[in-house]
Amino acid sequence: RYKEAREHRRAKVDASYKYIFEVLSVRLDLDLTTVEEMILDSPSLEAFDSFFAKGGSKTLKIFYQEGEAPGIECGRTIPGIAKGSKMMQLYVENTPDKFVGLCLFFVRCKNDSPINAKTIHEDIFFGVLDATEGLLHGVRNMIEKIFVPAILATNNWGALSQTKQDTKDKQNFMETINRYLSFLEGAIISIEGTVELKKIDYINFSKLQSFEKVTAAADNPDMVHQLEEVLMIWYRQIEQVLIESKQMRKEADDSGPLTELEHWKCMSAKFNFIIEQIKGPNCKAVINVLNVGHSKLLRMWQELDARITDAANESKDNVKYLCTLEKVCQPLYNYDLVSMTHGIPNLMNAIRMIHSASRYYNTSERMTSLLIKVTNQMVTTCRAYITDGGLSRVWEQETSTVIGKIKDCMFLLQEYQKCFHQTRQEILETLGEKTFEVSEMYIFGKSEAFCRRLEKITEMITVVQTFCSLSLSTIEGIDIMSIKFKSIYQSVQQKQYDILDPRKTEFDVDFENFMAKVEGLEIQIQTFMRTCFGRILSSQHALQLLQRFQNLKMPCLQEETVHTVGCILQHYVAELEAIKKLYQIQKDDPPLARNMPPVAGKILWVRQLFRRINEPINYFHKKSNILASPEGKAVVRLYNRIACVLVEFEVVYHNAWMKEISQLQYPLQATIFARHPNTGKFLGNFDPQIPEIVRETKCMVKLGLEVPEQAKKIVKIESNLKSNKLRLE
């Protein structure tokens with residue numbers, strides 16, 4: 001009958017079953033036949049059917065661990081295995097004993113349709129929970145080594161990715177997971193840290209429970225001696241625990257304040273477990289016998305009992321007060337620096353309360369240690385905030401974004417110190433409150449080192465921002481400097497260590513090298529700029545080039561700019577003298593531009609001279625304070641004299657032309673025809689002054705000068721005049 005049931009189960013095995021068996025075979029390093037036979041040992045395969053069916057279970061669990069060999073009810077006999085012996089087995093869904101092996105689980109996200117054997121590899125997921133070192137170890141390892149890396153690698157967060165808060169929410173989610181991992185670690189330590197008093201197999205303590213048995217044992221010197229030896233074994237165990245509890249404990253350099261709470265929870269669990277054993281029947285029986293027998297060891301034991309009780313009370317009291325930190329410390333473990341800054345006063349008040357009310361924890365050493373851990377956590381959180389939880393390196397982010405984050409972090413740490421000093425001052429001013437004696441050097445040493453590191457990083461980022469303008473400049477030859485800076489910057493970017501860790505002293509060496517190379521490059525750029533202005537041909541062109549250098553906004557060029565402005569000013573003085581001479585030579589018969597009428601041509605000529613002296617002086621006035629110097633004042637006086645002459649030239653010629661045109665009546669009042677004096681023929685009497693008046697008027701308008709109404713009228717009828725002239729001819 002059992003064989004028939006087994007064959008019935010075997011008949012169910014199809015391609016979907018085979019796929020599951022293959023996965024188990026690969027993971028467990030067992031051949032496929034062995035896996036199938038071990039699964040068929042199970043009395044039912046309903047879990048498989050439910051997992052494969054529409055609307056069925058979304059999970060299938062297979063446990064692999066040592067257990068009692070199956071009997072004939074499995075439907076087969078296993079060669080070489082006696083009934084009741086142990087062997088490795090596969091259990092479906094549940095284990096008959098405590099789970100201490102591997103849980104191989106399969107998961108499907110949707111169960112709205114039955115699993116198809118052709119697509120089963122796409123529809124289900126596989127994982128392993130390893131409890132061979134303990135269930136808590138297995139859960140912690142799975143979250144830490146599988147789920148956390150998967151979460152960090154995930155980019156598509158669905159609707160969450162579409163909100164502005166997505167990064168913050170994901171970071172808080174990760175921090176919640178990390179806190180849970182810390183909780184699991186604390187639970188593991190608490191369980192593994194318990195001390196169990198040595199079991200004594202050669203004494204039957206159950207026979208020492210009644211008064212008669214205790215009295216009889218006390219009268220037996222051999223029994224008393226044996227029990228004294230047992231008591232000393234336990235004494236030494238407990239004494240060792242107390243000694244270890246007083247020793248300096250090893251902690252991670254970045255441990256936060258909640259690790260202090262976890263430590264005292266662990267100590268409390270350890271001491272309470274020992275006290276429970278002391279109050280247990282075995283220990284009580286030994287004490288009763290030795291008490292009746294007037295053993296001299298009892299005084300030692302009582303002193304030890306008092307010490308372990310006091311240690312338990314201390315740990316319990318510390319846990320009680322440190323638990324008040326749990327809520328106010330939560331902002332320290334989030335990436336929201338705003339809420340963290342707002343939460344600092346509450347945190348300091350909680351620490352102050354512990355200092356004033358705790359019976360055991362208010363020592364200088366412990367309060368200093370607690371505040372150091374607060375500093376550690378702040379620095380750890382700041383580092384995570386700057387790097388988006390380790391996802392983005394400093395050099396990979398926008399410079400403005402990183403500088404903003406760094407400012408937030410430095411403000412937070414400054415507020416922390418400020419709040420600490422305020423609290424300390426309040427304690428000093430409060431009558432009857434114990435002085436807050438802690439070591440500021442130890443408390444803020446790490447945060448100050450971190451701030452110094454941030455200042456150096458900010459300095460480097462500022463340099464990068466400054467030198468980025470080189471790649472955007474069109475100054476001929478500047479691209480060589482840009483390439484050199486990129487090479488210097490890339491040497492820093494390629495460093496693999498964590499630059500936000502103030503303990504990494506190699507950063508300080510790299511920082512000094514970087515700044516030294518940048519300083520050398522700045523000298524090269526200054527030399528390059530001086531070379532560009534080595535030969536000034538025109539003040540206008542020189543100032544245009546200087547403006548392009550100033551657009552680089554490089555502090556290292558400020559002194560060179562001042563020097564260059566001085567050189568250009570000297571050249572400008574020579575240009576003023578040259579313009580003055582040129583004016584004197586050409587003012588009576590200036591060269592006219594092509595197709596320009598006489599008056600407008602002269603005005604255009606003088607305006608060009610004026611522009612050549614005006615543009616440089618405007619630059620000096622707006623972009624430099626050199627005109628305030630004695631040399632500059634002399635240049636201004638020379639400019640004013642020349643400019644006055646040039647402007648006067650324009651005004652004189654323009655006014656003369658205006659007056660001439662306003663008084664001109666004859667050209668439009670002349671007869672249409674005139675008789676030739678020799679031939680007597682009639683000719684068109686078109687005055688040649690009219691085209692010149694039209695050209696002058698148009699040019700004057702373009703120059704932005706006033707034009708008489710008479711001239712405007714002529715321009716308006718220009719086309720009619722030309723057409724009439726052609727018709728008459």
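Predicted model: local features only at pLDDT ≥ 70, side-chain atom pairs only at ≥ 80, totals over all residues.
1. Basis. Local features need pLDDT of at least 70, side-chain atom pairs count only at pLDDT 80 or more, and totals for chains, interfaces and linings use all residues. Residues are numbered from 1 along each chain as its sequence is written, and side-chain values use heavy atoms, without hydrogens or water.

2. Domains. The protein is divided into domain 1 (1-132), domain 2 (181-378), domain 3 (379-533), domain 4 (539-649) and domain 5 (673-728). These bounds come from an automatic or database domain assignment. The C-alpha centres of domain 1 and domain 2 are 45 Å apart.

3. Glu-260 and Lys-373. The structure holds 25 salt bridges (a side-chain nitrogen of Lys or Arg within 4 Å of a carboxyl oxygen of Asp or Glu). One joins Glu-260 to Lys-373, with the closest N and O atoms 3.3 Å apart. Glu-260 lies in helix α10 (residues 257-278) and Lys-373 in helix α14 (residues 364-386), so the pair ties together parts 113 residues apart in sequence. Helices are DSSP runs (H or I, at least four residues), numbered from the N terminus. Both residues are buried (under 20% relative accessible area, 1.4 Å probe, protein chains only).

4. Arg-366 and Glu-314. Their side chains meet in a salt bridge at 2.5 Å, N to O. Arg-366 sits in helix α14 and Glu-314 in helix α12 (residues 297-328), 52 residues apart. Glu-314 is buried, at 8% relative accessible area. Arg-366 is partly exposed, at 21% (between the buried limit of 20% and the exposed limit of 50%).

Methods: Helix = DSSP H or I, 4+ residues; strand = E, 2+ residues; numbered from the N terminus.
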